[in-house]
Each structure stands twice: as structure tokens, then as C-alpha cells.
Amino acid sequence: MMLPILAVILGLVLLVWSADRFVDGAAATAGHAGMPPLLIGMVVIGFGTSAPEMVVSALAAMEGNPGLALGNAYGSNITNIALILGLVAVFSPIAVQSQILRKELPILAVVTLLSGLLLINGQLNRMDALILLLAFVVIMGWSIFQGMRQRGDALGTDMDAEMDVKAMPLKSAIIWLLIGLVLLIVSSRVLVWGAVSIAQSLGVSDLIIGLTVVAIGTSLPELASSIAAMRKGEHDLALGNVIGSNLFNTLAVVGIAAAIHPLEVESVVLYRDWGLTMGLTLALFLMGYRFGKKQGRINRYEGGVLLAAYLIYTGYLVSTIVAAA
């Protein structure tokens, strides 16, 4: 049991470090290639911070652990909204000024609903995977179009300031991009092995481990980047990290995992995990969109509600682990 625990700890530490290097390298490389800061914030950062979930879920699917793949994706979405945005809003209310982010909020809600409809029959086959991946391609195409034509958006301003701080030469950017990618794969492999071994030792499903330990670990890049953005007053960047990551998780992460190996879905995933994800996504949409107002806002009270939802949910999952042990 000790070796799997050490594998999880080491895997998570290396995963977070490598994901940070990968994101910095990818963003700097895209900047040198002439990509607008707004587009980097919408696409590159969202992809980069979701890279841990993508690699972990893909490896889990390849090794026949569908619960871990799904738990990682939906658990990360819950963590992103309830824990990360809740925590950020409690310390510093989030003002949503970016018009592009306000457009992405309803898209995220529709995408989450689509994923739930595909779960109803208790499985995600390769046709379901194709639907998710096609939706992902369409949304990425729309994001690129918006990023190229939009000017003066608050998210682009935040991203421009962030890139000035983290500027690096092209050679260094490419080196860190490659190092980050390789270490992402290695650390994810170690993490998956440790997580599955712990689940088997405790007699709980790999779904529960994916929803808790693995989901929190793979969401640490989003947590770190959102806290850093909050400290600089870059609220739109903090929210953009979460929206982009959740879009990637719901469509690309789950889609790639199901394409690799069709996933059997426990009924509890639909009514407990997806249900909470849908509820949190709708709450985020209502708070961030604020019908009739020029900008949305997630205040401290709403952040506290999100945080409380996360603690109750995670507490329940931990109680199932304790009961099984």
C-alpha cells in the first residue's frame, strides 16, 4: 500500500510541475508564432491546463479503467467550478468583463447537457466519442474565429499582461514545451498505476479515486493559475481558465478516452457526478452572465455557496472510502 501512495504523491507533484512548464512553453511558442493573446488565452491555456486530465484519462482507458477516466474528467469539472472559482471568489469577487467569456458560458452549459444525454444508456461508445470530438472541433473553430476577429476584449488584455511577465526566448519555449509533454506522460502513468492500486487495496471503485484524489491533483494547474490571476486582478483570466478547461474535459478528455476504449458508465455517474456538474455549470452561467447587465459577477456569498457544495460532495465521497475500508 505504501508504494502506491508514494506513486500517487510523486505522480501528482511531477504532474503539476510538468503541466506548468508545458503551459508556459506552449503559450510562449504560440506568442512567437504570432498568435493573438486573446486566442492564446482561449485555446492554448485551456488545452494546456487540461493536458493532465487528457493524458491520465487516456492512459486509464487504455488500461481498462473507465471509472478512473470518467471520474477524473467530471471530478475535475466539479473541482474547477466549486473549489477553484469558489475559493477565488471568497477572497476576491470575480468580475466578468469579457464578452467572449459571457458567450462561452451558455456553450459550456449546452455541452454539459449533451454529455449527460450520452450517458443515459449507461455507456459511452465510439459513436458517442465521435459526437463529443466533433463538438469539440466545432467549438475550437468558433473560438479561433472569435479570437482572431475580436479586439479589445478583457480576456485578451489579461493574457497580454501575463505573457509580458512570462516572456521567454523561442528556443527555451520549445524546450520547456517538449520537456513538459514528456514528463506529463511519465507522471500520468505513475499516477494511474498508484490510483488503481489504492482503489483495489481499499476495495472501492476507481471511479471514487478518480473523483477525489486524481481529480484534485489534475486540477492543481487550474488552481495555481487562477490564484495567480486573482492576485493580479486578472479575473477574466481566472474564469477563462476554468471555462476552457471544463470544455476540454467534457468533450476532448471524455471523447478521447471513449474513442480509445468504449466506457461502461455506472448509473451513479449520471445522477450524482454529472448531475452536480450540470447544476454547478448552470449556477456559473447565471452568476457570470447576469441577464440585463453589462458584466457578470461572482460575489463572496456565491463563492461560499460553491465552496460549501464542493466540501459536502467531497465529504460524501470520502465517507464511502472510509466505509469501504
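1. Angles under 35 degrees count as roughly parallel, over 145 as roughly antiparallel, 65 to 115 as roughly perpendicular, and the rest as oblique. By that rule H7 and H8 are oblique to each other. Helices (H or I, at least four residues) are DSSP runs, numbered from the N terminus.

2. The model is predicted: local features need pLDDT of at least 70, side-chain atom pairs count only at pLDDT 80 or more, and totals for chains, interfaces and linings use all residues. Residues are numbered from 1 along each chain as its sequence is written, and side-chain values use heavy atoms, with hydrogens and water left out.

3. The axes of H7 (residues 170-202) and H8 (residues 206-218) cross at roughly 140 degrees and come within 9 Å. Axes here are lines fitted to C-alpha atoms, for helices over the stretch in contact, with angles from 0 to 180 degrees between N-to-C directions.

4. Which residues of H7 meet H8? Leu191, Ala195, Ile198 and Ala199 in H7 meet Asp206, Ile209, Val214 and Thr218 in H8; contact means heavy atoms within 4.5 Å.

5. The end C-alpha atoms of H7 are 47 Å apart, which agrees with the 48 Å that its 33 residues should span at 1.5 Å a residue. That expected span is 1.5 Å times one less than the number of residues. After H7 comes Gly203, with a positive phi near 75 degrees.

6. Tyr289 lies in helix H11 (residues 267-289). Leaving aside neighbours within four places in sequence, Tyr289 is in contact with Arg102, Leu105, Leu284 and Gly296. Tyr289 and Glu104 are 185 residues apart in sequence and 9.8 Å apart in space, C-alpha to C-alpha.

How values were computed: Helix = DSSP H or I, 4+ residues; strand = E, 2+ residues; numbered from the N terminus.
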